[in-house]
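Me: I'd like to learn how to read ring contacts in a protein model. Could you walk me through them?

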Amino acid sequence: MSSQSGVILTKPFLEVCKHILPVLEKLGSAMAIVKTDIGGNITRLETKYASDPTKYEQLHSLVKVEVSAKTAKSSSSCTNGLLWLTRAMDFLVALFHNLVQQPEWQMSQACNDAYSKTLKKWHGWLASSSFSVAIKLAPDRKKFMEIISGSGNINADIEKFCSTFSPFLEENHKFLASVGMDDLKAS
């Protein structure tokens, strides 16, 4: 996902994010809006990448171009897409972490804790209210874990994903903060 110089590459980063979408489907209607939002941000970034794969090989180059052009704060910018994609992935990593680290928690508790640690401060009243309602639709934790398990050790797989992917998300936040774009709130 990163080049030998440690730079995050666009295509592999987006591929990892796309692999999460089927997991969100397993959360049922509870995460339909989140899945649509993540999918839309992935598509926006992929479209820009496809317009010039050499120019946009590095994920952060998408943002640098917009910052230079003063279009980064637009709600339809790749910068905005990367910011919200990163935040959504933060939420999912926190949720997965809770599912492994807090086996006694119900699904709603794992979701609410992850939400309060990641997305809540960026959401207004309407988004927060919608999320609260969506959590009530989440499947039972045991059922969800059975659905996503497959044949391997699901806890080990989740831990590996969280520990491997988290540094890329942290790098995105550091970069976005360095260009003054990590503190945008939902409109």
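Me: Which ring does the charged end of arginine 87 sit over?

Reply: A charge sits over a ring if NZ of Lys or CZ of Arg is within 6 Å of the ring centre and within 35 degrees of the ring normal. Here the charged end of arginine 87 sits over the ring of tryptophan 84, 4.5 Å from its centre. Arginine 87 also lies over the face of tryptophan 122, 3.9 Å from that ring centre. This is a predicted model, where local features need pLDDT of at least 70, side-chain atom pairs count only at pLDDT 80 or more, and totals for chains, interfaces and linings use all residues. Residues are numbered from 1 along each chain as its sequence is written, and side-chain values use heavy atoms, leaving out hydrogens and water.

Me: How many aromatic pairs are there?

Reply: Rings of Phe, Tyr and Trp (its six-membered ring) pair if their centres lie within 6.5 Å; planes under 30 degrees apart are stacked, over 60 edge-to-face, the rest tilted. That gives three aromatic pairs. Phenylalanine 96 and phenylalanine 161 are edge-to-face, at 6.0 Å centre to centre with 70 degrees between the planes. Phenylalanine 161 and phenylalanine 165 are stacked, at 5.2 Å and 25 degrees. Ring pairs link Phe13, Phe96, Phe161 and Phe165 into a cluster.

Me: Is phenylalanine 96 buried or exposed?

Reply: Buried means under 20% relative accessible area, exposed over 50%, and partly exposed in between (1.4 Å probe, protein chains only). Phenylalanine 96 is buried, at 6%. Phenylalanine 161 and phenylalanine 165 are buried too.
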